[in-house]
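Colleague: I want to go through the charge pairs and the backbone angles. Give me the value each time, then the cut-off.

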Amino acid sequence: MFLGTGYNTWGMTNGSLAGEIISSLILKKDNKYKDLMAPKRALNLSKLERLPSDIYGNIKAICKSTKNNVNNNKVINKVIKGKKVLIYIDENNNKHIVLNKCPHLKCGIVFNEIEKTWECLCHGSRFDIDGKLINGPSNFDITFK
Ligand code: FES
């Protein structure tokens, strides 16, 4: 039995790598990356060293998203039915309401005025003007119904 786990929020990259390694092992081929996923691999202390800067980066992204939306007078923060939402009012006065919480790891969302998309500054998920997922890492929409 082969098992890949512990991707530490890097599932798309490490999951793909694990798939490559496991398929090599099943076919009894060598894979130069196999030690990266070995169960007895050494504890990666560099992850601990990066932890403060990772936390700082995420807090900075959350603050930036809040500031961006406050400075954009076409985006309104509101609570509707107990949920935090963002409302973008377009040039035809149509309202586009989305949830202000990225489904990936719950960061705030900002509106990209040029692309007319909602974006998460933490890991780059993008959604169309009505909150439908364009690309991840999120797997879900931020539509509000
Ligand atoms: S929290 Fe990760 S993409 Fe939004």
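Colleague: How many salt bridges does the structure hold?

Modeller: Six salt bridges. The term stands for a side-chain nitrogen of Lys or Arg within 4 Å of a carboxyl oxygen of Asp or Glu. This is a predicted model, where local features need pLDDT of at least 70 and side-chain atom pairs count only at pLDDT 80 or more, while totals for chains, interfaces and linings use all residues. Residues are numbered from 1 along each chain as its sequence is written, and side-chain values use heavy atoms, with hydrogens and water left out.

Colleague: Why is the contact of Lys116 with Glu113 called a salt bridge?

Modeller: The closest N and O atoms of Lys116 and Glu113 are 3.3 Å apart. The limit is 4 Å, so the pair qualifies.

Colleague: What makes Lys116 and Glu113 partly exposed?

Modeller: Lys116 has a relative accessible area of 28%, and Glu113 has 26%. Buried means under 20%, exposed over 50%, and partly exposed in between (1.4 Å probe, protein chains only). Both values fall in between, so both residues are partly exposed.

Colleague: How do you know that Glu115 and Arg126 form a salt bridge?

Modeller: Their N to O distance is 3.8 Å. That is within 4 Å, so the pair counts. The two residues are 11 apart and link distant parts of the chain. Glu115 sits in the loop between strand E4 (109–112) and strand E5 (117–120), and Arg126 in strand E6 (residues 126–127). Strands (E) are DSSP runs of at least two residues, numbered from the N terminus.

Colleague: Arg126 also forms a salt bridge with Glu119. Why is Glu119 called buried?

Modeller: Glu119 has 18% relative accessibility, under the limit for buried, so the label holds. Arg126 is at 23%, so Arg126 counts as partly exposed. The closest N and O atoms of Arg126 and Glu119 are 3.5 Å apart.

Colleague: Why is Lys81 called exposed?

Modeller: Lys81 has 69% relative accessibility, which is over the limit, so Lys81 counts as exposed.

Colleague: What about Asn93?

Modeller: Asn93 has a positive phi of about 65°, although it is not a glycine. Asn93 is in the loop between E2 and strand E3 (95–99). Its relative accessible area is 63%, so Asn93 is exposed.

Key. Helix = DSSP H or I, 4+ residues; strand = E, 2+ residues; numbered from the N terminus.
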